[in-house]
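Trainee: I have a model open on my screen. Please show me how to read its features.

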Amino acid sequence: MSPWQMEELCSVPELKAEGKVMNHCVAGYAHRCKQGHSAIFSLRRYETHADGQTDLKSYATLEVRVLSRKIVQIQAYHNRPVNGVVMSMIRQWATAHQLM
């Protein structure tokens, strides 16, 4: 199993939690999701701590326009650009799901 995981955020609480963790306003996109215009995804990676506990850490939040299947936004923490490793994971996922 890959340590990386792409998860669709399907509820307002999930969007709010992502916005809090990533320090950006993704929760404001809930209306676009409810109307079926956008889908929001979080690229996460399993992190193992010194004490042996594992959790998922968010590295990027993506907005995908549903009808065009186009990624229109990719934001890292505090709306910063993603790094090369994260972008590579996003490209692999987008290719596998036939997104532009």
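Mentor: First, the ground rules. This is a predicted model, in which local features need pLDDT of at least 70 and side-chain atom pairs count only at pLDDT 80 or more, while totals for chains, interfaces and linings use all residues. Residues are numbered from 1 along each chain as its sequence is written, and side-chain values use heavy atoms, with hydrogens and water left out.

Trainee: What is the order of the strands in the open sheet?

Mentor: Strands of a sheet pair through backbone hydrogen bonds, either parallel or antiparallel. Helices (H or I, at least four residues) and strands (E, at least two) are DSSP runs, numbered from the N terminus. Two strands pair if DSSP finds at least two bridges between them. Here the four strands are ordered β1-β2-β3-β4, with antiparallel pairing. The edges are β1 (4–9) and β4, each pairing on one side only.

Trainee: How many bridges join β3 to β4?

Mentor: Five, between β3 (residues 54–65) and β4 (residues 70–75). Leucine 62 stands opposite isoleucine 74 of β4. Between β2 (residues 38–48) and β3 there are eleven bridges. There, leucine 62 of β3 is the bridge partner of phenylalanine 41.

Trainee: Is glutamate 63 buried or exposed?

Mentor: Buried means under 20% relative accessible area, exposed over 50%, partly exposed in between (1.4 Å probe, protein chains only). Glutamate 63 sits in strand β3. It has a relative accessible area of 2%, so it counts as buried.

Trainee: Which side chain makes a polar contact with that of glutamate 63?

Mentor: A polar contact is a pair of N or O atoms within 3.5 Å; within protein, one must be able to donate a hydrogen and the other to accept it, and residues adjacent in sequence count only if both atoms are side-chain atoms. For glutamate 63, the partner is the side chain of serine 38, at 2.6 Å.

Trainee: Which residues of α3 are buried?

Mentor: An α-helix has 3.6 residues a turn, so residues three or four places apart point the same way. In α3, the buried ones are Val86, Met89, Ile90, Trp93 and Ala94. They line one face of the helix, because they fall within an arc of 135° seen down its axis. That arc is taken over the directions from the helix axis to the C-beta atoms. On the other side of α3, Gly84, Val85, Arg91, Thr95 and Ala96 are exposed.

Trainee: What caps the N-terminal end of α3?

Mentor: Asparagine 83 does, with a side-chain oxygen 3.1 Å from the backbone nitrogen of valine 85.
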